[in-house]
Amino acid sequence: MRSLEALTLDQVVDMARYPLSDLAGTRGQAVVSRARRELSALGCTVLPDFIRPSLRDVLRQECSAIAPRAHHDVETVNVYNIAVDSALPEDHPGRRTFERGNAFVARDRIPADSLISRLYSDTVFRDFVARCFELPELHELADPLSGLVLNVVAPGMEHPWHFDTNEFTVSMLTQQAQSGGVFEYCPNIRTARDENFDDVRDVVDGRGERLTRRLPLQPGDLQLFKGRYSLHRVSPVHGGIARHSAIFAYSERPGVIGSVERTRQLFGRVLPEHLAAEGRAVRGDRLLD
């Protein structure tokens, strides 16, 4: 096999199955159309074996090598990632709390020549993601920490039920847990106009089986997800192997930088760029979070 530095996109991605460089062609249009249909109906689509199976071990080894660089923190949280002592009615789902024990490796601690870093910055890949989400274009985050991250869920930990701040999420499992660590979600449980607190309450209280789907993800699968409107979690991880997943964060507009509070929560630190950008964020809806 050639060195990683010499690998081109078509040697990393199975272009016969996912022709990223010919999205106007028949096969390219079919892949994009399928992704759009599933995102519209289910809020999620999975592209199996997006990374060539021959590179799965490389993907796992690279991410396992950087996983120790993660910032670990155990917090008491709710599904909206707002203060747990917020003034909410007694039966509000935001009053239910969970222990979150996942960790993140920031972008500035991920080697630029790693598979996930090169994929994140590839313009052909980014254009493909934009088309799947029916967006005219996407931009890398200007944030030096949160554009690309590796999520680490150690044995005994979980990423409990929550909504994403971003409308869409792009991720790739790089290492399976020995047991547990299943991605579970409730498709389109809320909209930009309706929080649907009753169904959210059922899920967080353990009565939401009818609303919940589970995805059997494999390393190298690409997952596109509308996490703003779909409640989701990674179930508790068991055994002796952590769950690793790469998260590719993009924005519809250039120059996006995360808030000081959220950045410190995720990475345990902030940089001058975060302090300079504080207060400039614009919300696209009025959801609780």
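Tutor: Let's start with a term: buried means under 20% relative accessible area, exposed means over 50%, and partly exposed lies in between (1.4 Å probe, protein chains only). The model above is predicted, so local features need pLDDT of at least 70 and side-chain atom pairs count only at pLDDT 80 or more, while totals for chains, interfaces and linings use all residues. Residues are numbered from 1 along each chain as its sequence is written, and side-chain values use heavy atoms, leaving out hydrogens and water.

Student: Is Arg190 buried or exposed?

Tutor: Arg190 has a salt bridge with Glu195, at 2.9 Å from N to O; a salt bridge needs a side-chain nitrogen of Lys or Arg within 4 Å of a carboxyl oxygen of Asp or Glu. Glu195 has a relative accessibility of 14%, so it counts as buried. The relative accessible area of Arg190 is 2%, so Arg190 is buried.

Student: How many salt bridges does a search of the whole structure find?

Tutor: Side chains of opposite charge can pair when their charged atoms come close. One case is Arg56 with Asp49, whose closest N and O atoms are 2.3 Å apart. The search of the whole structure finds 21.

Student: How many residues apart are Glu158 and Arg233?

Tutor: Their side chains meet in a salt bridge of 3.8 Å, N to O. Helices (H or I, at least four residues) and strands (E, at least two) are DSSP runs numbered from the N terminus. Glu158 lies in the loop between strand 7 (148-153) and strand 8, and Arg233 in strand 14, so the pair links parts of the chain that are distant. The separation is 75 residues.

Student: Which strands stand at the edges of the open sheet of seven strands?

Tutor: The order in this sheet is 1-13-9-16-7-5-2, with antiparallel pairing; two strands pair if DSSP finds at least two bridges between them.

Student: Which residue in strand 13 stands opposite Leu47?

Tutor: Strand 1 and strand 13 (residues 222-225) pair in the antiparallel sense, over four bridges. Opposite Leu47 stands Leu222.

Student: Why is the pair of Phe183 and Phe225 called edge-to-face?

Tutor: A pair of aromatic rings is described by the distance of the centres and the angle of the planes. Rings of Phe, Tyr and Trp (its six-membered ring) pair if their centres lie within 6.5 Å; planes under 30 degrees apart are stacked, over 60 edge-to-face, and the rest tilted. The structure holds 13 aromatic pairs. In this one the centres are 5.2 Å apart, and the name edge-to-face applies because the planes stand at 90°.

Student: What is the relative accessibility of Phe225?

Tutor: Phe183, its ring partner, counts as buried at 8% relative accessibility. Phe225 also counts as buried, and its relative accessibility is 3%.
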